[in-house]
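Here is a short briefing for a first look. Start with the structure, then read the points by topic.

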Protein chains: 2
Amino acid sequence: MQKLTAQRQAILDIINRSDKHWDADEVAFALKEKGTGIGIATVYRGLAALAEQGLIESIQLADKKRYERADKKHHDHLICTLCGSIEEFCKPEIEKLQDLVAAEREFHIQGHQLLLFGLCAGCKAKES
Amino acid sequence: MQKLTAQRQAILDIINRSDKHWDADEVAFALKEKGTGIGIATVYRGLAALAEQGLIESIQLADKKRYERADKKHHDHLICTLCGSIEEFCKPEIEKLQDLVAAEREFHIQGHQLLLFGLCAGCKAKES
DNA sequence: ATGATAGTGATAATGATTATCATTCGTAAC
DNA sequence: GTTACGAATGATAATCATTATCACTATCAT
Ligand SMILES: [Mn+2]
Ligand SMILES: [Mn+2]
Ligand SMILES: [Zn+2]
Ligand SMILES: [Zn+2]
């Protein structure tokens with residue numbers, strides 16, 4: 001009984017039209033730019049609803065949640081501690097090993113989050 | 001120039017005497033129990049200072065930061081989404097693959113965090 | 001002693017997120 | 001078409017972990 005309202009559709013459109021990892025404020029701002037202003041509480045609720053339905057993906061960073069398109073295959077993230085950029089990677093062997101660890105402990109795995117922190121190529125170069 | 005004051009030593013003792021993953025409030029409460037009450041701001045600063053010096057380890061969960069003893073070898077965590085229990089595991093092959101991913105992208109890795117979410121053995125059993 | 005420096009603790013402020021609540025929308029029954 | 005109900009909206013208050021302030025204190029070197 002989760003409805004895909006006009007507001008939620010607008011949020012979904014914003015996110016689907018880019019490769020960015022959006023936080024709630026960024027989405028709210030983008031909608032305002034467009035003329036489609038939406039209450040901030042509705043943005044939060046819309047993002048949560050869309051993620052619950054699998055229409056977008058979420059990642060939990062230290063300070064806040066970010067959302068991205070769901071039409072990519074599963075991946076994890078490299079986060080630059082200097083410029084904040086977010087890169088993506090996919091390493092099925094890691095996922096296999098995670099399943100193995102869970103199986104060994106009779107842990108029923110529902111999800112995971114792997115974040116690699118460091119300096120992106122660009123920032124590494126600048127760090128003479 | 002970070003000092004190991006009496007307050008910080010008290011925090012460190014609390015954490016070193018157990019295998020728990022402590023949040024700031026739990027540490028503050030444990031200190032109060034002991035008679036060694038410490039201002040909550042000092043607890044936060046003390047935990048941050050101790051972690052910076054490598055005397056304790058921190059993990060960032062969705063809602064809050066938790067701290068644990070630093071005298072174990074590196075490990076990652078399995079988190080039960082039902083009872084909140086935290087188990088630990090160590091899988092060097094995963095760490096190797098992480099380094100490989102970073103190297104491929106010329107990303108200078110500084111740290112990582114791998115969380116596996118799901119049901120612990122106990123909770124899985126109860127879920128008839 | 002005199003500073004310089006860092007730490008403490010009470011409390012205010014911050015910032016992301018969630019709760020409240022009156023109002024509105026969408027749809028299904030009458 | 002009107003009514004009725006559940007869900008959604010939006011303005012705003014509340015929550016909660018954490019950080020910032022600021023006056024005061026402890027430590028240590030000159
Ligand atoms: Mn991504
Ligand atoms: Mn641990
Ligand atoms: Zn960077
Ligand atoms: Zn459990």
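A phosphate oxygen of DNA strand D sits 3.1 Å from an N or O atom in the side chain of A:Thr42, a polar contact (a pair of N or O atoms within 3.5 Å). This is a predicted model: local features need pLDDT of at least 70, side-chain atom pairs count only at pLDDT 80 or more, and totals for chains, interfaces and linings use all residues. Residues are numbered from 1 along each chain as its sequence is written, chains are lettered from A and ligands numbered from 1 in written order, and side-chain values use heavy atoms, without hydrogens and water.

**DNA strand D**
- B:Lys65 places a backbone N or O atom 2.8 Å from a phosphate oxygen of DNA strand D.

**Zinc ion (ligand 3)**
- The protein donors (N, O and S atoms within 2.8 Å of the metal, or 3.2 Å for Na, K and Ca) are the SG atoms of A:Cys80, A:Cys83, A:Cys120 and A:Cys123.
- These donors lie 2.2 to 2.4 Å from the zinc ion.
- The four donor atoms subtend angles of 103 to 116°, so the arrangement is tetrahedral (four donors, all angles between 85 and 135 degrees).
- Along the chain, the donors follow the spacing C-x2-C-x36-C-x2-C.

- A:Cys83 is partly exposed, at 46% relative accessible area (between buried, under 20%, and exposed, over 50%; 1.4 Å probe, protein chains only).
- A:Cys120 is buried, at 9%.

Note on methods: Four donors count as tetrahedral if all angles lie between 85 and 135 degrees; four count as square planar and six as octahedral if opposite donors are over 155 degrees apart and all others between 65 and 115; anything else is irregular. A polar contact is a pair of N or O atoms within 3.5 Å; within protein, one must be able to donate a hydrogen and the other to accept it, and residues adjacent in sequence count only if both atoms are side-chain atoms.
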